[in-house]
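Dear colleague,

Here is the structure I promised to pass on to you. Please open it beside this message, and then read on for what was found in it.

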Amino acid sequence: MALLDEYRVGEDGAWSDREAAHLLRRAGFGGSIPEREAAVGNGSQEAFRAAIAGLVDYLPDDPNLDAPSGVGVWGGPFAALPDGDTDEGNTKNPTEIMWLSSHLFYRLRFTSQPLQEQFGQFLHDHFVSEFWKVYQGVERFQGGCVDVRAKTAELLLQQNTLLRRIGIDDFRETLIQISRDPAMLFYLDNVVNGAGAGRAQENYAREIMELFSMGVDNYSENDVREIAKCFTGETLPNIRDCDGGFGAPDAFEYGFRDGNHEPGEKVVFGQIVTEDMTGGELPQVVDLILSKVSVQPSVQGLPAPYNNLPAAAVYMSWKLLRWFVNQNVALDPPADAVLELADYMRGTDTGDFPQRRYPYDLRACMYKLLSSRYFFGEANYFSIVKTPADFAAMLVRILDIDYYRGIYGDGPANRMEWMGMRLFDAPDVSGWRQGRRWINAEYLAERINFVERITSWYVSDEWIDDLQVLNGGSLQPADHAGILDYFIDLLVQDDLEVWAPGSRTLLLGYMAEVADRFDDTDRRFQVQVRGIMYFLMSLPVWQMK
C-alpha cells in the first residue's frame with residue numbers, strides 16, 4: 001500500500017475531531033470547535049472527502065473578501081471598507097510595506113477559503129519579491145513620475161493577487177505569468193535584460209531554475225546564459241515613459257520588446273529553443289525546465305517509475321511536503337513520499353475534480369496529499385513550527401476576537417516582524433528560514449509577549465463572561481475540570497498530557513488557588529480563563545501545527 005493512498009476511515013483510523021483539527025491547522029489557520037464539528041460531520045468516508053474537497057476546491061476570488069460590495073464593516077469585503085487615511089482605508093489600499101502586511105493579515109484573519117491563504121503563504125515564500133528591491137527599480141525608472149512607495153506596494157499586491165488566484169492550479173502557467181509579473185521583473189532584474197554584449201542579466205534565468213522550479217545542481221552555467229538570452233525582451237517596454245511627470249498609464253505593464261531580444265536559436269539542457277521574436281521562447285524554456293530529469297537528487301538507478309522523474313516534480317513535491325506535512329521530509333536522498341508525489345504530479349487523469357489531473361496540477365496534488373494515509377500518520381502531527389503569520393492568524397481566528405487594526409504597537413505587522421517575519425520583506429530570494437529558526441530565544445519571547453498581550457488586553461471581560469452558562473455559554477465557573485477541558489479542546493486540540501505531562505494537575509491547582517483569592521465569581525472566572533489561555537498558548541505544542 002502506497003503512502004499517498006487515500007486514508008480509509010475505519011481501516012486506517014477515525015475521522016474525528018483530532019483528525020479534523022490536524023487538517024485545519026495545515027490547510028488553513030486552525031479550526032474553532034464548530035468548524036471542526038462541521039468538518040467531521042457524521043464521521044464517514046464521504047464526510048472526510050467532502051471536508052478536504054471543501055478546502056481544496058476554492059474559487060479564485062474569496063466570496064467574502066473579494067465580493068464587489070457589502071456592508072462596510074471590519075471583516076467584510078475590501079470593496080466595502082471606507083477609503084481614506086484610516087486604519088480601514090490603509091488596509092484596503094496599502095501604500096507602504098507595513099500596510100501591505102496589514103492587508104495580507106486581514107486576509108488571513110477573515111478569509112472564507114483558508115487553504116487559499118495558506119497556499120498563498122507557501123507561494124509568498126516560494127516566489128519571493130522583496131519590497132525594497134522592487135522599490136529601487138520603481139525609483140530608478142519612475143522616481144520623478146509616481147509615488148514610489150505607493151507604486152511598489154501596488155505592484156507587490158498585484159503579484160500577491162496573481163499567485164493567490166492561479167497558484168494552486170497549473171504550475172506551468174504560474175511560472176510563465178510570474179516571469180512576466182512587473183514586481184518580479186524588477187526584483188530579479190529581467191526588466192533590464194537585453195540583447196547585445198554586456199546587456200545580459202542572468203539573475204532571473206538562474207533563480208527560475210534553482211529556487212522556483214528545479215532546485216540546485218540541475219543545470220549548468222551555460223544553461224543559465226542561454227536561458228537569459230531566451231528571456232531578453234521580456235520586460236516593461238514603456239517603463240521609461242513619464243507622461244509629463246505624472247507617470248505613463250502603461251509604464252508598469254508587461255510587454256515583449258523584440259528589439260531587445262537576442263535573435264537566433266539557443267541550446268538549453270542540450271535541446272534547441274527555436275527563435276521566436278514574439279515572446280514564445282519563455283514558454284519553451286518553461287517546458288524544458290518541467291521535463292528535465294532530476295540530477296540532484298539523482299533518480300538514476302531508482303526503480304521504475306521513479307528513475308526518470310523530472311527535477312521540478314521532485315523539488316516541488318518536497319517543498320509541498322515540507323510546508324504542509326512535515327518540515328523534516330528529506331530531499332536527498334528523496335523520501336518515499338517525495339517520489340510518490342512527484343510521480344503523481346507529472347501524471348494525467350480525466351474527469352472532473354478531484355479525479356481530474358494534468359501535469360503539474362497543484363490543486364490535484366494538494367487533494368492527493370491532504371487525503372492521504374501519510375498526511376494523517378502520527379509522526380506528522382505537530383511536526384511543523386508555525387510561522388509568525390500562522391501563529392498570529394491562528395490565535396485571533398480561533399479566539400474570534402477583534403484585534404488591533406493599525407500598524408503600530410500591537411499591529412499585526414509589528415507583531416509578526418518582532419517574531420521574525422516581515423511580510424513582503426523576506427531575507428533573500430530563497431525566502432524565510434523555516435522550522436526551528438522561528439523559535440529561537442528572541443522570537444519565542446516575542447510569541448509569548450504576544451500571547452500575554454492578547455489574553456490580558458484583547459480578550460475582554462465580556463468575551464470571557466459570555467462563556468458562562470448564565471450568559472448563554474457552556475461553562476460553569478465552579479467546574480474547574482470542565483473549564484480546563486474546554487480550553488484544551490479549543491486551543492491544544494489534542495491530549496495535553498502527551499505534549500506537556502503534569503500540566504493538567506498544575507492548571508487545576510492554579511484554578512483552585514485563584515478561587516481562594518477572589519470572592520467575586522465573575523472576577524475569579526476571568527482570572528482563571530486568562531491564566532489558562534496564557535499557559536496553554538505558551539506551551540511548545542502551541543508553537544507547532
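Let me begin with one cysteine, C242, which is partly exposed, since its relative accessible area is 22%, a value that sits above the limit of 20% under which a residue is called buried. Please keep in mind throughout that this is a predicted model.

Which residue does C242 pair with in a disulfide? The partner is C145, and the two sulfur atoms lie 1.7 Å apart. The structure holds one disulfide, and with -120 degrees about the S-S bond, the link of C145 and C242 is left-handed. C145 is found in the loop between α7 (131-142) and α8 (148-166), while C242 is found in the loop between β1 (234-235) and β2 (255-256), so the bond ties together parts of the chain that are 97 residues apart in sequence.

Helix α15 (residues 336-345) and helix α16 (residues 362-370) have axes that come within 10 Å and cross at roughly 140 degrees, which makes α15 oblique to α16. The crossing in which α15 passes α16 is right-handed, and the contact is made by L341, Y344 and M345 on the side of α15, and by L362, A364, C365, K368 and L369 on the side of α16. In general, two packed helices are described by the angle between their axes and the distance between the axes.

Is V268 buried or exposed? V268 is buried, with a relative accessible area of 0%. If its neighbours within four places in sequence are left aside, V268 is in contact with D223, E226, I227, V273 and L288. From V268 to I289 there are 21 residues in sequence, and their C-alpha atoms are 9.0 Å apart in space.

Finally, for the view of the whole chain, the domain assignment gives domain 1 (8-50), domain 2 (134-290), domain 3 (293-382) and domain 4 (388-543). The centres of domain 1 and domain 2, taken over C-alpha atoms, are separated by 42 Å.

Terms used. Residues are numbered from 1 along each chain as its sequence is written. This is a predicted model: local features need pLDDT of at least 70, side-chain atom pairs count only at pLDDT 80 or more; totals for chains, interfaces and linings use all residues. Side-chain values use heavy atoms; hydrogens and water are left out. Domain bounds come from an automatic or database domain assignment. A disulfide is a pair of cysteine sulfur atoms within 2.5 Å. Helices (H or I, at least four residues) and strands (E, at least two) are DSSP runs, numbered from the N terminus. Buried means under 20% relative accessible area, exposed over 50%, partly exposed in between (1.4 Å probe, protein chains only). Contact means heavy atoms within 4.5 Å. Axes are lines fitted to C-alpha atoms, for helices over the stretch in contact, and angles run from 0 to 180 degrees between N-to-C directions. Angles under 35 degrees count as roughly parallel, over 145 as roughly antiparallel, 65 to 115 as roughly perpendicular and the rest as oblique. A crossing is left-handed if the near helix is turned anticlockwise from the far one by less than a right angle, and right-handed if clockwise.
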